[in-house]
Structures are given as C-alpha cells and as structure tokens.
Amino acid sequence: MFAMKKLLIAAVAACTFIIADAQLKTPAPSPTQTIKQDFGLADVELSYSRPGVKGRKIFGDIVPFGAVWRTGANSATTITFGDEVTIGGTKVPAGKYGLLTIPDKKSWTIIISKQTDVTNPSAYKPEMDVVRVTSDVNTTKAKTETFTMQFANVKPTSCELYMMWDKSAVVLPIVTEIDGKIMASINESMKSDKPPYFQAAMYYMDNGKDLKQALAWFNKAAEAQPDAYWVQHQWANCLAKLGQKSEAKTVALKSKELATAAKNEDYVKLNDKLLKDLAK
C-alpha cells in the first residue's frame with residue numbers, strides 16, 4: 001500500500017507540473033499587431049507580426065535581397081481595404097489582400113496580392129499579383145529596433161503606409177476617390193425630409209465647390225439651429241470667402257455671443273480671430 005501511495009503521489013505531482021507547464025505564457029518573440037485606420041469613406045486594416053533586430057544584420061542577411069519576403073515574421077501579412085483604392089495607378093477593389101515585398105539595397109518592390117497566406121517564398125505565385133510598385137529605400141538616422149508599419153500623412157483622399165526596420169524605411173502611397181460618391185450622396189440626401197444642410201455646405205466650402213450654394217445651405221442650417229454657434233461661425237467663414245465682409249462680421253459677432261453664452265472658449269477664440277482677419 002505504501003508503494004502504491006508513493007506512485008499515486010508521484011503521478012499527481014507529474015500531472016501538476018504538466019498542467020502548470022501548459023499554462024505558462026511568455027512574450028511572443030515577434031508579437032502580432034493589427035492596426036485600423038479610417039480612410040476616405042471607409043478604413044484600411046493591416047495585420048502583421050513584428051520581429052526585432054536583436055543585434056543581427058537584417059537586410060541582405062536575415063531578409064535576403066531580391067527574394068520575396070512576407071513583410072514580417074511568422075504569419076502572412078494582410079491588408080484589408082474597406083473601399084476601392086488606387087495604388088501605383090492601379091485600382092484595387094475593396095477586400096482583403098496579402099502584402100508582400102522584395103527588398104533590395106536601394107529600393108523595394110511592394111506587392112499587393114490575392115494570396116493572403118504566403119509565409120515563405122516558395123508559396124508565392126506572381127500570377128496572383130494585383131499590383132506591384134517600387135519604393136526607394138530611405139536610410140534613417142535612428143534605428144527602428146522592432147519592425148514597424150504605420151499609416152501617416154492621412155488626408156481625405158490619400159495616405160502613406162510606412163515600413164521601417166533597422167535603419168531602412170520605405171513608403172507606399174495609397175489614394176482613394178470620394179468626391180463623386182459624396183456629391184451623389186449630397187444630391188440624394190437633399191431630397192430627404194431633413195436635408196444635411198450644414199454638412200453639405202461644409203463639404204462645398206472645404207473642397208472648392210460652389211460657394212453661393214454653400215452659403216444658401218448655411219442660411220438654411222442657421223434657420224434650423226439658430227443657437228448653434230458652430231453653424232454661425234462657418235456661415236461667417238463662407239461669407240468672408242465670398243468677400244461679404246460686413247455680413248461676415250455680423251454673423252461672427254452672433255456666433256461669438258452664442259459661444260460665450262455656451263461657455264465654449266474655443267469658438268470664442270475662433271470668432272475673435274475671424275473678426276481680426278475681417279478688420280484688415
């Protein structure tokens with residue numbers, strides 16, 4: 001019986017160690033990251049893993065020159081466009097794609113592929129390419145220890161995807177077309193029971209459209225929301241752009257009065273600046 005008890009205790013101890021080992025969690029050598037960026041009328045989502053330099057020679061060694069790279073470690077790198085974009089002059093429909101690269105000393109070939117599972121060069125199929133572009137390598141003063149991709153210079157119709165590791169950085173420009181869609185949406189929404197006068201006027205004013213039409217919509221927006229100091233302020237901006245300084249001053253003063261009552265110092269300052277500009 002004593003021998004059986006010792007065996008039972010040993011077996012329980014062994015199971016305990018196995019369970020403890022199975023529950024052990026350590027940091028991933030190349031942690032994954034998913035980033036999502038609002039862009040145009042939709043968004044762009046990027047998923048990749050991030051290896052570190054760790055004292056190694058990266059490009060031309062760990063990442064060979066002239067060979068397809070999964071643009072990260074472990075799993076395939078993917079990029080998902082919520083709407084159609086244009087890359088290198090080629091239209092890329094909304095959807096999920098693989099992001100591959102072929103690094104070289106002075107430039108990289110960046111590939112958007114229909115393949116979303118490429119983890120090694122032998123699996124790559126050139127016939128699945130959607131678009132290929134070449135990007136010059138920029139040498140950075142500071143070293144990027146962990147492979148990093150990020151969206152930068154994000155504007156309504158363009159953004160740039162930066163890829164940085166060690167002392168190398170490349171950029172992928174991405175553009176999208178939104179004006180036609182927004183104009184169609186404005187035309188359709190003006191037929192509704194509650195037309196978006198303010199939003200439509202702002203789009204017209206900010207994008208070089210018909211300022212007289214924008215002014216007409218600002219008038220209607222102000223009628224619908226007489227206490228909206230932000231509407232009054234943009235209405236004053238539109239009047240100023242049309243050269244109607246006297247009218248713009250009157251509306252800016254009204255906006256300042258409303259903003260003061262609402263204790264919104266930001267709009268008080270905005271109106272003060274506009275009034276100062278109008279006085280020139």
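A salt bridge is counted here where a side-chain nitrogen of Lys or Arg lies within 4 Å of a carboxyl oxygen of Asp or Glu. In this predicted model, the side chains of Lys36 and Asp43 meet in such a bridge, at 4.0 Å from N to O. Lys36 is exposed, with a relative accessible area of 57%, whereas Asp43 is partly exposed at 24%.

Six strands form an open sheet, ordered β1-β2-β3-β6-β7-β8, with antiparallel pairing. Its edges are β1 (32-39) and β8 (129-136), each of which pairs on one side only. On average, neighbouring strands of the sheet are turned by 20 degrees against each other, direction ignored.

Within this sheet, β6 can be followed on both sides. Strand β3 (residues 78-81) runs antiparallel to β6 (residues 95-103), and four bridges join the two. Ile79 has Tyr97 of β6 as its bridge partner, and Thr80 has Lys96 of β6. Strand β7 (residues 107-113) also pairs with β6 in the antiparallel sense, over six bridges. Here the bridge partner of Ile102 is Thr109 in β7. A hairpin of three residues joins β6 to β7. β6 is mostly covered, with seven of its nine residues buried.

The largest nonpolar core has 33 residues, of which Ile87, Leu161, Met163 and Ile174 touch the most other members. Strand β10 (residues 158-175) gives the most to this core, contributing seven residues. Leu161 shows what such a position touches: leaving aside neighbours within four places in sequence, its contacts include Leu46, Ile79, Leu99, Met149, Phe151, Val170 and Ile174. Gln150 is also among the contacts of Leu161. Another core, of 29 residues, lies apart from the largest one, and its members include Ile182, Met205, Ala214 and Val231.

Two loop residues have backbone angles worth checking. Thr71 is not a glycine, yet has a positive phi of about 65 degrees. Thr71 lies in the loop between β2 (42-49) and β3. With a relative accessible area of 0%, Thr71 falls under the 20% limit and therefore counts as buried. Asn153, also not a glycine, has a positive phi of about 50 degrees. Asn153 is found in the loop between β9 (138-152) and β10. Its relative accessible area is 46%, so Asn153 is partly exposed.

The remaining salt bridges complete the picture. Side chains of opposite charge can pair when their charged atoms come close. A search of the whole structure finds nine salt bridges. In one of them, the side chains of Lys181 and Asp83 meet at 2.8 Å, N to O. This pair links distant parts of the chain, 98 residues apart: Lys181 is in helix α2 (residues 179-189), and Asp83 is in the loop between β3 and β4 (85-87). Lys181 is partly exposed, with a relative accessible area of 35%. Glu188 forms a salt bridge with Lys191, where the closest N and O atoms are 3.6 Å apart. Lys191 counts as exposed, at 65% relative accessibility.

Key
Residues numbered from 1 in each chain as written. Predicted model: local features only at pLDDT ≥ 70, side-chain atom pairs only at ≥ 80, totals over all residues. Heavy atoms only, no water. Pairing = 2+ DSSP bridges. Axes fitted to C-alpha atoms, helices over the stretch in contact; angles between N-to-C directions. Core = buried A, V, L, I, M, F, W, Y, C linked by side-chain atoms within 4.5 Å. Buried < 20%, exposed > 50% of the residue type's maximum accessible area, 1.4 Å probe, protein only. Contact = heavy atoms within 4.5 Å.
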